[in-house]
Amino acid sequence: MSTADKQVKIAVRNLYKIFGDDPASILPMLSDGIDKADIQRRTGHVIGLNNINVDISAGLITVIMGLSGSGKSTLIRHLNRLIEPTAGEIEMDGDDIMAYDSGRLRALRQTRMSMVFQKFALLPHRTVLQNTMLAPEIRGENGSASTEEAVKWIHRVGLEGCEDSFPHQLSGGMQQRVGLARALTSNAEVMLMDEAFSALDPLIRTSMQDLLLELQQDLHKTIVFITHDLDEALKLADHLVILKDGFIVQQGEPQHILLNPSDPYIEEFVSDINRARVLKVRSIMDGNRRAKANHGEVDSGMSLESLIAHAEGDIDRSFAVHDDGARVGTITMKAVFKALVRYDLAGTGRTNNGAG
Amino acid sequence: MAAYAGIFDLFGLREWCDAGKTKSLMSLRQLKGEDPAWWEIPFPSLDNLHKACGSIPQTRDFTAWLENGFLAIRPSLRVVLDPLTQPLSWALDGALTLFTTLPWWCLVPIILVGTMLSSKSSRITAFVAACFAFFLFTDHYGYAVQTLSIIFVCTVLCAILGVPTGILMSKNDTAQRVITPVLDMLQTLPTFVYLIPLIFLFKITEPKLYGLAIILYSIVPVIRLTNLGIRLVDRDVIEAANAYGMTARQKLVQVEIPLALPNIMAGINQTIMMSLAMVVIASLVSAPGLGTLVLDGINNLRLGVGFVAGFGIVLLAIILDRVSKAALARVDESRKI
């Protein structure tokens, strides 16, 4: 699962966004390493994004995670230039988006990028079907083909029979399904999702996440997903980017970040996670394909929680790990239990054992 | 000796002051040769300065100058304004002729069907029917119809002119800064003061005279509420429209106007109410309708006539308010968020 062989869909290079009267004058201060709070106090300018570099791979879900005020919503709005950067480059398929004039930019938004919003942002005076047909309608495609396409996606997101309802007649979860259907009907390669599930109840949120993953298995869209919820990020992400105060603290494969947090901020973040549920066998296993395994085979995508259940809690078992039928490694239950210990407790745990 | 005469003498301006001076009347004190005490010194207003120096104009010269100035530009203003406002006269004349020549058994059902269609409420329709029955029985029907036709024309024109102006204000902060004080002035100017420049400009028999007065007075709320409505459209929805690549025109027609419609309708409701208020005052400048009866009641102290006509205006106000509010409520109903 290295990201090197993935085709880069959108490349963000040295992106800065500064809010204030004269943003360009602040850039030199940033390169001098003056920190955000200091700049705000001295000049009244707010640093939105600070030297962002991200590769967004085609066909994968890139999750950008951070707390409120970390700049994640600002970042996603740069990808379709709803917000103009102070400095930096954004390339899509090698094409410089920053050089687009307003006509080309509109064409980009109409055909190549769709967006799902936290507050749904449906048109309240239009029915579900009319809302879903927004993108083709803007492009001037009002024929029956677009209606069929819209109906197909309305069914696909599970809203059969709601075509003629108005948004205010639907629950929040159903409204966001309309938002999702609207984005899918636009048929764009890239889908931007700005805290798309944050406004929903936990149970509905989970079912929406499952729906998204299920759709993604067939569609392989390039999805950029914003969230402040680490569980959600770990569940959806192929590539995880963690933002704090406008700069990237760490990015990479989510399992890797969980096992190797690069800084105390991330350690704190990941400390409350149910590691058994999130960590997968493939992240923990030993790459040795010939090592002896005393209890049969398991799938590499299995979570540690299911593996513990599978092993009936027996610490002496070990398993051969398979992926698509081929053996890729070995996992011992000892390694599993060690992986469950929080990163910051790993050292102290060992000392206690020694003393006991 | 006038209070400020000394000052003009001091600067050697006496000669300039007294040029063409005619001997003015003297007060009793001056005849007695008494000077006023120092605490009685008046403010150096135009009139007081004039007493000391005849070459300084009096206040009444100033107002006369304004009047003459206005009269001087009047012909050229008329060349521009007359053709511009002529359609208003035609519309008012046309509507008055149409509404008054249609027989009552034809017009009243049309109004009732219109009420039913726009309000979708049988209670309001029944009320409108009862009001028209009252007008017909008390022989005020003709006057009421004249008033209605004036309001109809003025409201339609207010909407046609006011909504685009409001949209312009919502899109352009400079336009908003320029237009807002004008609207403030139109709203605070005493209603009689409107009539003064209009009487100068147009013949008093021309319908556009009162038409303009009504439109200027009642266009304000529809402009304000259109501006406000569009500025208050949910920013998230606008962002979605942008994110899917809508052009400015698509955004306006498909998103902003539909979402601002409840506010715009509220503005039109207010416009109707204000034009009804103005139509009474406009009867001073020959606007026909119930207002003339009220004026007659005041002028000739015919209390009953004025009272019944006033009651008729209240009935019209209630009808127009209820019908337009019911239409507004139906718009709101389908737009709940």
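## Helix packing in chain B

In this predicted model, helix 6 and helix 8 of chain B lie oblique to each other. The angle behind that label is about 50 degrees, and the two axes sit 13 Å apart. Angles from 65 to 115 degrees would count as roughly perpendicular and those under 35 as roughly parallel, so this pair falls in the oblique class. As for where to look, helix 6 of chain B covers residues 104-119 and helix 8 of chain B covers residues 141-171. The crossing of helix 6 of chain B past helix 8 of chain B is left-handed.

Which residues make the contact? From helix 6 of chain B come Trp104(B), Leu107(B), Val108(B) and Ile111(B), while helix 8 of chain B brings Tyr141(B), Val145(B) and Leu148(B). Sort the residues of this contact by type and you get 7 nonpolar, no polar and no charged.

## Domains of chain B

Chain B splits into two pieces: domain 1 runs over 2-57 and domain 2 over 77-336. Going by C-alpha atoms, the centres of domain 1 and domain 2 of chain B are 55 Å from each other.

## The four-stranded sheet in chain A

Over in chain A, 4 strands make an open sheet, ordered 2-1-4-5, with antiparallel pairing. Which strands stand at the edges? They are strand 2 (46-57) and strand 5 (95-96) of chain A; each has a single partner strand, so one side of each lacks a neighbour in the sheet.

## The mixed sheet and its hairpin

Chain A also has an open sheet of 3 strands in the order 11-12-13, and this one has mixed pairing. Strand 11 (297-299) and strand 13 of chain A are the edge strands, each pairing on one side only. From one strand to the next, the twist averages 40 degrees.

Strand 12 (residues 318-323) and strand 13 (residues 326-332) of chain A run antiparallel and are joined by 6 bridges. Along this pairing, Phe319(A) is opposite Ile331(A) of strand 13, and Asp323(A) has Ala326(A) of strand 13 as its bridge partner. The hairpin of strand 12 and strand 13 of chain A has 2 residues between the strands, and Asp324(A) there takes a positive phi near 55 degrees.

Notes: Residues are numbered from 1 along each chain as its sequence is written. Chains are lettered from A and ligands numbered from 1 in the order in which they are written. This is a predicted model: local features need pLDDT of at least 70, side-chain atom pairs count only at pLDDT 80 or more; totals for chains, interfaces and linings use all residues. Side-chain values use heavy atoms; hydrogens and water are left out. Axes are lines fitted to C-alpha atoms, for helices over the stretch in contact, and angles run from 0 to 180 degrees between N-to-C directions. Angles under 35 degrees count as roughly parallel, over 145 as roughly antiparallel, 65 to 115 as roughly perpendicular and the rest as oblique. A crossing is left-handed if the near helix is turned anticlockwise from the far one by less than a right angle, and right-handed if clockwise. Contact means heavy atoms within 4.5 Å. Ala, Val, Leu, Ile, Met, Phe, Trp, Tyr, Cys and Pro count as nonpolar, Asp, Glu, Lys and Arg as charged, and the others, Gly among them, as polar. Two strands pair if DSSP finds at least two bridges between them. Domain bounds come from an automatic or database domain assignment.
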